[in-house]
Amino acid sequence: MSMVDVDYKGSIMIGKEKHLRMYIGGEWVESQSKTVFATYNPANGQLLAKIARGSEEDVKLAVEAADSAFESSEWQSFHPANRGKLLYDIALKIRDKKEELSQLETADTGKPITQARADVEAAAKYFDYYAGVADKVFGETIPIEPGILDYTVREPIGITAHIVPWNYPIQIMARSTAAAIATGNAVIVKPAEDTPLTALKLAELIDETDLPNGILNIVTGYGQEAGVALVKHRKVSHVTFTGSVITGIAVMSEAAKNVTPVTLELGGKSPNIIFADCDMEEASEWVVKSIIQNAGQTCSAGSRLLIEENIKDEFLELIKVRMEKLTVGPGIEDSDIGPIISEKQFNRIAELVSAAREEGARIVTGGERVIIEGSKEGCFYRPTILDQVGPNQCIAQEEVFGPVVTAFSFYDESEALELANNSEYGLVAGIWTKDIGKAHRLAGKIKAGQIFINNYGAGGGIQMPFGGYKKSGFGREKGLEALRNYTQLKNVAVKF
Ligand code: NAD
């Protein structure tokens, strides 16, 4: 896909260049500074589009648009069930344009087209799911004393900001904006600078529905400019940030100055725990899937593999064989593993692996760049297993964000637990055993927001609350839990 193939309603020609504008208050607008940034195809380095580079001035306009849309009598008197209908319409439109959105997502992120299609379908499902709950956000009545009726109502929080990373752009935008709109908020999205294409396309589809102007706004731009300005703005009532720990800390510190609540969905270093009594074929299949999905650039990737000592060699062989059958290449050809998002990210992976090697790690398979004929600009990395790594070494503790899994062995349940919890992160954990008692004991003691027993889903289904313990963040996205992020509770006491 090249620049000219990208067909957007919000685009304008500047000389021979096509520029994609932002979406504010129902209008397609250039940035106030009239500057742009570029987004490239990570498979081949081709320029995909130039995008409006938003900053503080643009954020101000987006907040004004969101504020007047939120306060308007139209939105304030909107029936919750009608908000639901709008969200259903959005889901239908996403499915109508599924292939176009998937192709854009693959071009922008590099991910295999099958995975992009699954992401687009997941985005549609978020809108379906939260459409269904728009008129089911209940309060309570609380027994105080005779003659007092006490009740609570969940009210929208106001203007919500949604800062999205580059690894699952359309899914992550959909998961929080659908919940926020369902509960009656006005939203402003800041897509990642590496991958803004599907957010703008989604805005185009949403523009065709009856959602009032200003309820959804997109400000494109860099984190240090548009992102910071959004978090700083006094009228933003909630920030949902998905991204790295270091940026999460910066976002939380900035938001604290205005006492703005935040939901932080950060990184992970999730363990898959393999007991000798598990179904090894099935476990090995999922262990591989959990680390190669989106070339390992997944917050909930199963990047630590803990194997019971007496089956370690056999199990490593099983996953080695599976990994060596995988294809590496451009996502549009539906290879199993696409390119790494950028050279910077690729270098980080390569450096972490080579440092581990110098510290004595054994490369079971992989550990090198793959050069693809016709895609020489793309940074492809072979799926990699590392063994003989100390549990406190850098590669065992840092989020690599690439197709790299580190193996450890354990002798018993308590050692498995100790290794599993030996991380600053706590997003997801997989437990593989036929002993259901053992599985539940561990599930109760592992410090992670989602536990999978004899299965593993990157983040799980849209209905399952998802979020982290420890440095993986706090607050929960997905499922009904997410509604708490986007509502505030009011208590009313009536004497009669
Ligand atoms: P990142 O932190 O660099 O950027 C994320 C977003 O924040 C981008 O839109 C960026 O422009 C913006 N940003 C950057 N600096 C900012 C600032 N100072 N203020 C406001 N916004 C700012 O993260 P990334 O590299 O895009 O994504 C990878 C990380 O995201 C990984 O650590 C991964 O684990 C995590 N992640 C978590 C989840 C989850 O749900 N837990 C999902 C996907 C990715």
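**A mixed sheet, a helix pair and an annotated glutamate**

Residues are numbered from 1 along each chain as its sequence is written, and side-chain values use heavy atoms, with hydrogens and water left out. Because the model is predicted, local features need pLDDT of at least 70 and side-chain atom pairs count only at pLDDT 80 or more, while totals for chains, interfaces and linings use all residues. Helices (H or I, at least four residues) and strands (E, at least two) are DSSP runs numbered from the N terminus.

Strand S20 spans residues 404–410. Strands S19 and S20 run parallel and are joined by three bridges; two strands are taken to pair if DSSP finds at least two bridges between them. S20 is mostly covered, as six of its seven residues are buried; buried means under 20% relative accessible area, exposed over 50% and partly exposed in between, with a 1.4 Å probe and protein chains only.

These strands belong to an open sheet of seven, in the order S16-S19-S20-S15-S14-S22-S23, with mixed pairing. Strand S16 (362–365) and S23 stand at the edges with a single partner strand each, so one side of each is left without a neighbour in the sheet. From one strand to the next, the twist averages 25°. Helix H14 (residues 413–420) lies across strand S14 (271–274), S15 and S20, running at about 145° to S20. Axes are lines fitted to C-alpha atoms, for helices over the stretch in contact, and angles run from 0 to 180 degrees between N-to-C directions.

Gln388 sits in the loop between strand S19 (384–387) and helix H13 (394–397), and has a positive phi of about 55° although it is not a glycine. Asn454, in the loop between strand S23 (450–453) and strand S24 (469–470), likewise is not a glycine but has a positive phi of about 55°. Asn454 counts as partly exposed because its relative accessibility is 32%.

Turning to the helices, the axes of H5 (residues 113–133) and H6 (residues 169–182) come within 8 Å and cross at roughly 10°. H5 is therefore roughly parallel to H6, a description used for angles under 35 degrees. H5 contributes Asp119, Val120, Ala122, Ala123, Tyr126, Phe127 and Tyr130 to the contact, and H6 residues include Ile170, Gln171, Ala174 and Arg175; contact means heavy atoms within 4.5 Å. By class, the contact has eleven nonpolar, two polar and two charged residues. Ala, Val, Leu, Ile, Met, Phe, Trp, Tyr, Cys and Pro count as nonpolar, Asp, Glu, Lys and Arg as charged, and the others, Gly among them, as polar.

Arg175 of H6 is also one of the residues touched by Glu265. The unreviewed UniProt entry covers Glu265 with the annotation "active site"; such annotations are given in the numbering used here with shortened feature names, and may be inferred rather than shown by experiment. Glu265 is found in strand S13 (residues 262–265) and counts as buried because its relative accessibility is 1%. Not counting residues up to four places away in sequence, its contacts include Phe241, Thr242, Gly243, Phe466, Arg476 and Glu477.

Technical notes
Angles under 35 degrees count as roughly parallel, over 145 as roughly antiparallel, 65 to 115 as roughly perpendicular and the rest as oblique.
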